[in-house]
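Here is a short tour of one protein model, meant to be read with the structure open beside it.

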Amino acid sequence: MAAHDRTSQRVPDAQSIARSSVVVVGMARSGLAAATMLSERGARVFVSDAAPAGKLTSPIAELDRRQIRYEAGGHNPSCLDGADFVITSPGVANDNVLLV
């Protein structure tokens with residue numbers, strides 16, 4: 001299966017975000033900002049990052065503070081179950097296990 005084409009994205013409106021389940025792939029600045037914005041607008045957000053938790057202490061502290069669920073140290077494809085949207089940080093490779 002080929003990697004998803006990031007240019008063919010569906011942009012949700014504000015009402016659909018509030019009712020959505022969203023997976024954010026990548027916990028760096030862009031991923032954390034996306035997760036925060038989506039959560040503030042009522043989405044159910046889950047963040048996944050391949051880096052070990054020890055290298056993500058600052059973003060994890062922010063996610064914990066905002067009560068946003070996450071995983072670190074790898075990507076479990078089951079996190080996509082029931083997701084309405086997947087948001088990827090710019091640094092996430094197109095061949096990431098969650099995107100192929």
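Is glutamate 40 buried or exposed? Glutamate 40 counts as exposed because its relative accessibility is 53%. Here buried means under 20% relative accessible area, exposed over 50%, and partly exposed in between, with a 1.4 Å probe and protein chains only.

## Ground rules

This is a predicted model, in which local features need pLDDT of at least 70 and side-chain atom pairs count only at pLDDT 80 or more, while totals for chains, interfaces and linings use all residues. Residues are numbered from 1 along each chain as its sequence is written, and side-chain values use heavy atoms, with hydrogens and water left out.

## Overall layout

The protein has three helices and four strands, arranged along the sequence as α-β-α-β-α-β-β. Helices (H or I, at least four residues) and strands (E, at least two) are DSSP runs, numbered from the N terminus.

Of the 100 residues in the protein, 36% are buried. Among contacts (heavy atoms within 4.5 Å) with a separation of 6 or more, 58% come from residues 24 or more positions apart. The protein exposes about 6,100 Å², and carbon and sulfur atoms supply 51% of that area; accessible areas come from the Shrake-Rupley method with a 1.4 Å probe, and for residues only the protein chains shown count as cover.

Strand S1 spans residues 21-25, and five of its five residues are buried, so S1 is largely enclosed by the rest of the structure. Ser21, Val23 and Val25 point one way, Val22 and Val24 the other. In a regular strand, side chains alternate between the two faces of the sheet.

S1 runs parallel to S2, joined by five bridges, and also parallel to strand S4 (residues 85-88), joined by four bridges. Two strands pair if DSSP finds at least two bridges between them. Valine 22 stands opposite valine 45 in S2, and its bridge partner in S4 is phenylalanine 85.

## Helix H3

Pro59, Ile60 and Leu63 are the buried residues of helix H3 (residues 57-65). They lie on the same side of H3 because they cover an arc of only 100° around the axis, taken from the directions from the helix axis to the C-beta atoms. The buried residues of H3 pack against helix H2 (29-40), strand S2 (44-49) and strand S3 (69-72).

On the face turned away from the buried side sit the exposed residues Thr57, Ser58 and Arg65. Just after H3, glutamine 67 takes a positive phi of about 55°.

## A salt-bridge network

A search of the whole structure finds three salt bridges, each defined as a side-chain nitrogen of Lys or Arg within 4 Å of a carboxyl oxygen of Asp or Glu. Glutamate 40 pairs with arginine 66, their closest N and O atoms being 3.1 Å apart. This pair links distant parts of the chain, 26 residues apart: glutamate 40 is in helix H2 and arginine 66 in the loop between H3 and S3. Arginine 66 counts as partly exposed because its relative accessibility is 27%.

Glutamate 62 bridges to arginine 65, with closest N and O atoms 2.9 Å apart; both lie in helix H3, three residues apart, about one turn of the helix. Glutamate 62 is partly exposed at 21%, whereas arginine 65 is exposed at 56%. Glutamate 62 also meets arginine 66 in a salt bridge (2.5 Å, N to O). Through shared partners, salt bridges join Glu40, Glu62, Arg65 and Arg66 into one network.
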